Amino acid sequence: MSAEATTIERASILLVDDMEDNLIALEAVLGSLNEPLVRARSGEEAMKALLRQQFALILLDVRMPGMDGFETAANIKRLDQTKDVPIIFLTGAEDDSGYAFRGYATGAADYLTKPFDPWVLRAKVTVFLDLHRKNLQLERLLAQEQSDYEEVNARLAELEEQLDGDEPPDLDTLRNRIRELRQLLDRGRP
């Protein structure tokens, strides 16, 4: 894998919690994934971070002063640029059992209670990072396919123009252009 591809596929994770100890614990658990971890100490700070850069995943505490996790998630899901970023809610075990339902209703992809099993959290985060990378790969493939399609259309238009011209077309040139088109079309096949 090239250095450029590695850089492009690095997937930032947004950690949102008002408690320093919780952020330190999350960083300790996820640090071995070697992905950028960005901290936010409030819902407002999280929203600012989301507007500055793209994230593969958000780990969001439910109970925070000011804008709580549910309100933060609702704001995240309202914005076109962030609506598809998966959210894993984190909350204390003593919290209301209705929190899980409310979290999923707000758009959470998953919900974990604290204290969480570090292996389970790391495994879940890894799944979301893999999905993020696959989505990026699909977007690149679709963009390349669109570009190839546009190039084929442009070359076909050139051939039509030559065939419609007043002078008879040069058959060798036509054969070469058809071969080029065939190669371009074959490039897109698996």
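Q: Which side chain does Lys-124 meet in a salt bridge?
A: Lys-124 meets Asp-110 in this predicted model, with N and O 2.6 Å apart. A salt bridge here is a side-chain nitrogen of Lys or Arg within 4 Å of a carboxyl oxygen of Asp or Glu.

Q: Where do Lys-124 and Asp-110 lie?
A: Lys-124 is in helix α6 and Asp-110 is in strand β5 (residues 110-114), so the pair links distant parts of the chain, 14 residues apart. Helices (H or I, at least four residues) and strands (E, at least two) are DSSP runs, numbered from the N terminus.

Q: Is Asp-110 buried or exposed?
A: Asp-110 is buried at 12% relative accessible area, whereas Lys-124 is partly exposed at 25%. Buried means under 20%, exposed over 50%, and partly exposed in between (1.4 Å probe, protein chains only).

Q: What does Arg-133 pair with?
A: Arg-133 forms a salt bridge with Glu-35, the closest N and O atoms being 2.2 Å apart. Arg-133 belongs to α6 (residues 118-164) and Glu-35 to the loop between α2 (20-30) and β2 (37-40), so this contact ties together parts 98 residues apart in sequence.

Q: Which residues do shared partners join into one network?
A: Glu-20, Glu-27, Arg-39 and Arg-41 are joined through salt bridges.

Q: How many salt bridges does the whole structure have?
A: The search finds 13.

Q: What conventions apply?
A: Residues are numbered from 1 along each chain as its sequence is written, and side-chain values use heavy atoms, without hydrogens and water. Local features need pLDDT of at least 70 and side-chain atom pairs count only at pLDDT 80 or more, while totals for chains, interfaces and linings use all residues.
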